[in-house]
Amino acid sequence: MESQVRGGTRWKRFAVVMVPSVAATAAIGVALAQGALAASFSVSGQSFKVTADQLDGTGFSQYGALDEGYTLKGEKTVHPVAVSAFKSASITNMCQSVVTPGVPFLGSVSLKLTAGTGGKKVEAENLYIDVEDLSADAVFRGIDIGVAAKDATKGPGMKGGSEQANPYGFAQQADSATLTDVKQTAWATTAGTFKLSNLKMSLHKGTVECY
């Protein structure tokens, strides 16, 4: 079965539907896939943007969760996210950017990272991306929509640890997925391994983002 999706999705709204409330979520004591990190973490007060020409992934799953973290003033907060997970993924022409506002004497300062260029690709294993907003052209192969999150076995499994997610909530999974013209805003990325070929990092005064 092959399913193609075009256009954008407001994952923040989607995640709110999948995660009914803070009270309904709990830390899950499920075992992690081999090579994945042992626990989730408190996210910073800055989301980041990522673009890619193409992402080819195998063992895909997606479910709703809440990322706990801080504002830039140190106040505690939570972000509803859609966790996109891949057993393995290769990414072509990846760009990642984050903007820090209010730096004394400088104003905004942007950090920009590129990798997977010049015919080489970014390679990742047991990859989890906590997405707030995503647009892409997507093709899913062998897709199941509406499976319980804990039973989405085609992907690497739920992160576990201190992650706040409902194991009985909505999820979807696929044997493989190809996303092109990817633009997304995320709060966190976790991977067992993350190989960045042709890595280049630069700082810029002002707002310089991937999109």
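A polar contact is a pair of N or O atoms within 3.5 Å, where, within protein, one atom must be able to donate a hydrogen and the other to accept it, and where residues adjacent in sequence count only if both atoms are side-chain atoms. The structure above is a predicted model, in which local features need pLDDT of at least 70 and side-chain atom pairs count only at pLDDT 80 or more, while totals for chains, interfaces and linings use all residues. Residues are numbered from 1 along each chain as its sequence is written, and side-chain values use heavy atoms, with hydrogens and water left out.

We can begin with Gln-46, whose side chain reaches the backbone oxygen of Val-99 at 2.9 Å. Gln-46 lies in the loop between strand S3 (26–27) and strand S4 (48–70); helices (H or I, at least four residues) and strands (E, at least two) are DSSP runs, numbered from the N terminus. Gln-46 counts as buried because its relative accessible area is 19%, and buried means under 20%, exposed over 50% and partly exposed in between, with a 1.4 Å probe and protein chains only. Leaving aside residues up to four places away in sequence, Gln-46 touches several others, including Leu-72, Pro-101 and Trp-187, where contact means heavy atoms within 4.5 Å.

S4 and S5 form a hairpin with 5 residues between them, and Gly-74 in the turn has a positive phi of about 90 degrees. S4 also pairs with strand S10 (residues 170–190), again in the antiparallel sense, over 14 bridges, and the bridge partner of Lys-49 in S10 is Thr-185.

Which aromatic residues are linked into a cluster by ring pairs? They are Phe-60, Phe-86 and Phe-140. Rings of Phe, Tyr and Trp (its six-membered ring) pair if their centres lie within 6.5 Å, and planes under 30 degrees apart count as stacked, over 60 as edge-to-face and the rest as tilted. Phe-60 and Phe-86 form a tilted pair, 5.3 Å centre to centre with 50 degrees between the planes. Phe-60 lies in S4 and Phe-86 in S5, so this pair ties together parts that are 26 residues apart in sequence. Phe-60 and Phe-140 form a tilted pair as well, at 5.3 Å and 40 degrees, and this pair links S4 with strand S7 (residues 122–141), 80 residues apart.

Definitions and conventions
Pairing = 2+ DSSP bridges.
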